[in-house]
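Take a look at the model below.

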Amino acid sequence: MKRKMFLVLVIVLIAALALSGCGKKPDATTPTPQQPVEEFIKIGSVMPVTGAIATFGVSSVEAIELAFKEINAEGGVLGGKKLKLYNEDNRSTAEETATAFQKLIEQEKVVAIIGSVASSHSLAGAPIAQDAKIPTISPTSTNPAVTLIGDYIFRACFLDPFQGEMMAKFALNELGLTTAAMIVEQESDYAKGLAQFFKQHFEAGGGTVVQTEEFSNQDKDFTAILTNIKAKNPEFVYIPSYYDTVGPILRQAKDMELNAQFGGGDGWDSADLFDLAGDAANGGFFSNHYSPDIDSPEVKKFLASYMAEYGKVPDALAALAYDAAYLMARAIDAAGSTDGTAIRDALAAITFTGVSGNIVFDANGDPVKTGVIVGIENQTQVYKATIQP
Ligand code: PHE
């Protein structure tokens, strides 16, 4: 009886296979069984595509996808293998960044990771990649501690000591301001670091920080800290946070007529800043990695292909993620394999000219790069200056 049922099953299976097309003669549109299956190389990324800093993640993923599309169209890597991106959304949190790194490494078995954006997020995820010897490059995390996690962790951007210095010198020398207040988010390694470096350079250059106020990332009402700052009457107010809090702070400061010059760091780079701050963003300045107004062949080519693909001007997040994607692809080619240690060694030795400038890594996995100062006029970003390191 059992044997009979087994036979029936086999017959049914054969019939099903024949019907599904296995028995069909190959024609022009059906791939022959001899055709090689396309081979993919899995690259992971961990980006905040939803949550508080979602524009950062959206720009980054768009740019990596664009870079991979271009690289694949030109033959891929390692003699014809295509790059495939596995992005995990960390929903703008450090906890989910750690989970995402784990998932990419253990389940998806990616050979390398691009990410994350916020320094606090990279600090949560990168130790997992380091332990697994999976080479990782953060396009945009600027806090010094990120690459100190280990020798498999690199970044494509400059660091916050330089970024803090850039804005301190700009406020002192270009704007001629000598008193400043700072507004610092307590949960953010990025904000705390940048405030410390700004203060150090502002005071070394002869300025004084007259007031430092702290807030928590859950806060929505900043009138109490803005009142304290207004009482000190500083000429400059430094807010080294991301656009999601900078926007409301600028708005509320303008509403209560806090008449100072406002400035910040790369975290201001989001089209959403203008939705949140409106005209209160006008007159502000921030340090950044790139400007679409820079006249280099790399910027021009990137602008043209990003605009053609997405119909909008790429921000610094996109520029750096695009550079990070190309860096990883070049390193895999130079390594001649997808072995983590071989890719790591190739990255450490790479020389690369990207949209955001030249990249050569020091012993920590950090590049030395120029920065730019961006001004905000009529709710648009205006390129002001390039600053040498
Ligand atoms: N530098 C920020 C950080 O380390 C992230 C960032 C980069 C945000 C570039 C905007 C633009 O947290």
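An oxygen atom of the ligand lies 2.5 Å from an N or O atom in the side chain of Tyr-242. Keep in mind that this model is predicted.

Tyr-242 is one of the closest residues to the ligand. Ser-119, Thr-140, Thr-142 and Asp-266 are also among the closest. In total, 13 residues surround the ligand. What kinds of residues make up this shell? Six are nonpolar, six are polar and one is charged.

Now look at the nitrogen side of the story. A nitrogen atom of the ligand sits 2.8 Å from an N or O atom in the side chain of Asp-266. Thr-140 takes part through its backbone instead. There, a polar backbone atom is 2.9 Å from a nitrogen atom of the ligand.

Where does the ligand sit? Its space is the largest cavity.

Next, step back to the whole protein. The protein is divided into two parts: domain 1 (40-158 + 294-369) and domain 2 (161-288). Domain 1 is written as two stretches of the chain, 40-158 and 294-369. Domain 2 is written as one, 161-288. The C-alpha centres of domain 1 and domain 2 are 29 Å apart. How many residues of domain 1 are in contact with domain 2? The number is 18, and they contact 19 residues of domain 2.

Finally, bring the two views together. The shell around the ligand takes at least three residues from domain 1 and at least three from domain 2. Both domains therefore contribute to the shell under the domain bounds used here.

Technical notes: Residues are numbered from 1 along each chain as its sequence is written. This is a predicted model: local features need pLDDT of at least 70, side-chain atom pairs count only at pLDDT 80 or more; totals for chains, interfaces and linings use all residues. Side-chain values use heavy atoms; hydrogens and water are left out. A residue is near a molecule or strand if one of its heavy atoms lies within 4 Å of it. A polar contact is a pair of N or O atoms within 3.5 Å; within protein, one must be able to donate a hydrogen and the other to accept it, and residues adjacent in sequence count only if both atoms are side-chain atoms. On a 1 Å grid over the protein atoms alone, a cavity is a set of points where a 1.4 Å probe fits but cannot get out, and a pocket is an open set with protein on both sides within 12 Å along at least five of seven lines; lining residues have an atom within 4 Å of a point. A molecule sits in a cavity or pocket if more than half of its atoms lie within 2 Å of its grid points. Ala, Val, Leu, Ile, Met, Phe, Trp, Tyr, Cys and Pro count as nonpolar, Asp, Glu, Lys and Arg as charged, and the others, Gly among them, as polar. Contact means heavy atoms within 4.5 Å.
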